[in-house]
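Please study the sequence and the structure before reading each solution.

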Amino acid sequence: MTEIWDGLTRAVQLIISFDPEVLEIAGRSLRISGTACLLASLICLPLGSLIHFRHFRGKRVLINIIQTLFSVPAVVIGLLLLVVFSRAGPLGELGILFTPAAMVVGQMILIIPLLLGLTISALSGVSKETADTAISLGASEFQTIWLVLREAKYAVLAAVIMGFGRAISEVGCALMVGGNIKGATRIITTAIALEAGKGELELAIALGAILLFLALIINIVLNRLQER
Amino acid sequence: MKPLIEAASISHGYGGRKVLQGLDLSIDKGEAFALIGPTGAGKTTLLRIIDLLEVPDAGEVYFDGRRIPRSGKERLDIRRRMSFIHQKTRVFDLSVYDNVACGLRWRGWERNKIAEKVDHILEMVGLTGYAKRNARTLSGGEAQRVALARALVLEPEVLLLDEPTANLDPVSTAKIEQLVSCLAREHNTTLIMATHDMSQGQQLADRIGVLLDGRLIQAGNAANIFRSPQGKEVARFVGMENILEGVVMTGNEGTVMVNVSGNAIQAVSDYSVGKEVYACVRPEDITVSLSNTRSSARNSLQAEVTRVTTLGPLSRVEMNCGFRLVALVTRMSAEELDLQVGKEVYATFKATGVHVMERGISQ
Amino acid sequence: MIIIAATVTAVAAIVSAVSVTSPHTILRVATTTSLDDAGLWDYLEGIFEKRYAVDLQIIVKGTGMALQLGMNGDVDAVVVHDPSQEIAFVAGGYAVEAEGFDSARVPWAYNYFVIVGPEADPAGICRGNLTPEEAFRRIQQWGEASPGAIKFVSRGDNSGTHGKEKAIWASAGYNYSSDIQWIGATAGWYVEAGSGMGATLVMADQMMAYTLTDKGTFLAYRGNLDSVTLLDTGDILLNVYTAIICRKGSNPEMAQNLVTFLRAPDVQALVAGLGVPDYGERLFYPYDPKICG
């Protein structure tokens with residue numbers, strides 16, 4: 001049990017001393033998961049809105065599939081992408097295996113179902129009359145979607161935060177397609193797995209605490225933003 | 001002049017339930033048209049189809065002589081020439097200013113022009129100084145004025161209103177009614193409103209259409225609708241509470257005698273002898289007295305009071321004179337006459353107050 | 001305002017995350033966990049990068065996975081330690097013969113595997129001058145008898161160390177997959193960790209079990225462990241590290257540089273000195289043609 005306390009002490013030390021390696025790893029985690037979350041949001045908010053507003057056959061089935069994919073394991077996505085991005089694989093030409101780009105793609109795929117599903121349910125919370133009123137006032141489909149997304153901003157932001165949380169906390173996919181390369185693709189979670197494997201439990205716990213600390217800061221910032 | 005809006009054989013339903021059934025309607029430019037009818041008659045659906053929110057299952061809508069396609073950008077372009085104030089008003093979770101400005105922004109107006117227009121309209125509806133407030137914090141009447149400003153700032157060619165004052169207090173209702181009629185007149189706006197409040201229809205509209213069970217039964221000016229309803233259902237809906245079944249006995253130069261359960265009732269009509277008819281009398285056109293005041297142009301029937309109910313300043317008197325008759329009298333006169341159940345009275349109404357219509361027409 | 005800020009951040013983030021330095025300045029090497037856990041790459045990476053102006057990226061996998069990445073061309077070179085898998089790799093045509101060396105497999109360092117375990121040594125393998133095969137037989141027999149007290153933790157990950165362990169079981173007269181992997185695991189004394197060398201050492205230490213480890217990793221981890229070296233002699237324990245250039249790699253010139261680098265006299269001297277200041281013992285021995293073959 002002393003490891004936990006020592007780990008937390010170590011975390012505080014690492015944070016206040018601006019340990020360059022920890023900063024680098026934490027920064028990379030933020031960049032990769034932030035990019036994945038932003039790109040996924042740019043895809044999912046409009047797409048989720050279209051799914052919500054348009055009527056088409058198989059809509060229920062599609063939403064069921066999306067919700068089922070919430071629980072797809074990160075390591076399965078990692079495995080698929082390892083095969084796909086390998087030079088011997090179909091997208092080998094891109095040469096992005098073991099780069100942050102591959103990790104971004106992996107985390108995007110991981111959180112897209114979650115963001116889509118939560119966007120759809122966020123919009124379901126906005127009354128149909130709101131969309132009808134906007135259309136009557138001459139809003140185009142895109143303008144209506146934008147207005148309704150803004151009406152649902154709290155739920156939409158919660159969806160984005162959850163997506164970011166799932167991205168920054170996953171390890172399986174990052175390890176598979178990133179390779180945990182020091183100075184290139186090592187992020188907080190893969191570093192934790194590595195340090196724990198080495199028996200460096202204190203450092204692993206410290207990194208875990210830093211991850212939570214980062215998540216806290218991001219939540220605070222985003223909540224501030226939405227209060228405006 | 002060709003009509004601005006024309007609906008031809010419109011049928012529409014939701015999940016197997018038919019709401020509109022082969023409806024035809026045409027509305028001229030600058031006209032104020034009120035759709036009246038009971039809840040569920042299809043008023044809202046018709047307004048949604050005219051605003052191009054819905055594509056009818058069958059039939060066509062024409063705007064300014066052009067047939068409206070069932071999909072595509074042209075629908076947006078035409079919709080932008082209209083405004084629709086829905087029954088369930090939703091102000092957006094934005095400031096009052098942004099609520100009113102959004103329609104102009106969506107049309108790509110310049111920032112300065114928008115500010116000018118919005119400030120002007122907020123002044124018109126009496127919401128100057130509310131611009132920065134979040135619209136969700138307003139009272140019901142204020143929110144409805146925001147909704148009105150939001151629609152009117154677009155200077156629409158057609159303004160659609162669905163029960164615009166349904167949930168408002170009388171003062172707010174009066175304010176909204178005044179704004180609508182004033183602004184519509186100023187810009188020669190075509191006004192189409194749905195209401196179940198007949199007096200509102202009467203007050204704001206040039207022409208009234210009665211919608212029953214998805215069909216437009218009758219359309220005409222207020223006097224036409226209220227005095228000469230076509231069919232029993234319309235008569236009942238416009239407040240003709242006394243609908244008496246009878247047969248024309250004698251006819252002479254536009255005056256007839258109708259036999260209603262053995263009583264001869266004099267009425268103004270051209271129907272020939274032997275015709276099966278309804279004789280309709282509005283309750284407020286019947287006076288109740290203790291003595292017989294029969295004259296040449298009047299009907300006076302001996303009756304027994306069966307029930308008296310108080311409706312605010314009025315009393316509703318139900319009587320039996322061989323058939324059931326209902327009268328509306330002021331409460332004061334009811335008290336003066338000491339109207340009680342079992343009291344013997346005379347019910348009197350003018351021959352011109354009786355609307356005679358053929359039985360078996362309409363449905 | 002928020003929208004603009006978010007868009008700018010998004011674009012910046014995408015650019016910084018996606019833009020990778022041109023592939024010709026990167027050398028990607030898949031290496032065994034034992035080399036990384038022993039701290040070799042921490043030591044050599046900076047020197048190599050400076051000497052050749054390249055970004056050396058180390059992907060740490062077991063020998064099996066490392067060679068798989070090499071076959072696909074996902075890495076430019078592999079540095080591994082499992083002769084039988086290496087020979088199959090070369091025979092499959094996945095390797096390029098290194099210039100200046102007469103083989104596709106270039107040995108550049110060696111050390112010995114050691115059998116480590118709890119100081120109490122419940123199977124008594126450090127007494128009586130046992131060979132590694134005899135020690136393994138004793139662990140198997142005593143383990144079958146009392147699986148609660150005597151355990152052996154295997155890497156179980158197709159790594160070079162795992163390969164060596166299998167070779168010892170075979171040499172001791174067992175059919176590995178049936179006698180050990182199946183019967184031993186059922187009895188409970190044989191445990192497959194499925195992890196890297198460091199993690200396996202930690203696990204064995206926690207379970208007070210025996211395990212086979214390369215000496216370098218053990219020395220590097222010894223500070224965190226209670227396990228001790230119980231047996232470290234016997235020809236079969238020889239552990240030779242080999243560098244191989246991958247045919248499908250994207251940077252063969254730089255891969256050649258790595259091989260040359262590892263065998264360069266100054267680097268050989270560095271390798272020989274590694275660990276001495278920290279552990280008082282060598283982690284690796286430099287290339288010796290008589291021993292490495």
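Two residues are in contact if their C-beta atoms, placed from the backbone, lie within 7 Å. The model is predicted: local features need pLDDT of at least 70 and side-chain atom pairs count only at pLDDT 80 or more, while totals for chains, interfaces and linings use all residues. Residues are numbered from 1 along each chain as its sequence is written, and chains are lettered from A and ligands numbered from 1 in the order in which they are written.

**Exercise 1.** Determine which of the two pairs of chains that touch has the most contacts.

*Solution.* Chains A and C have the most contacts of the two touching pairs. Chain B and chain C share no contact, and their closest C-alpha atoms are 16 Å apart.

**Exercise 2.** Describe how α5(A) and α8(A) cross.

*Solution.* Step 1: helices (H or I, at least four residues) and strands (E, at least two) are DSSP runs, numbered from the N terminus. Step 2: the axes (lines fitted to C-alpha atoms, for helices over the stretch in contact, with angles from 0 to 180 degrees between N-to-C directions) of α5(A), residues 100-124, and α8(A), residues 153-169, come within 9 Å and cross at roughly 160°. Step 3: α5(A) is therefore roughly antiparallel (over 145 degrees) to α8(A).

**Exercise 3.** State the strand order of the open six-stranded sheet in chain B.

*Solution.* Step 1: two strands pair if DSSP finds at least two bridges between them. Step 2: the order is β6-β7-β8-β3-β9-β10, with mixed pairing. Step 3: β6 (82-85) and β10 (215-220) of chain B are the edge strands, each pairing on one side only. Step 4: β9(B), residues 207-212, and β10(B) run antiparallel and are joined by five bridges.

How values were computed:
Parallel < 35°, antiparallel > 145°, perpendicular 65-115°, else oblique.
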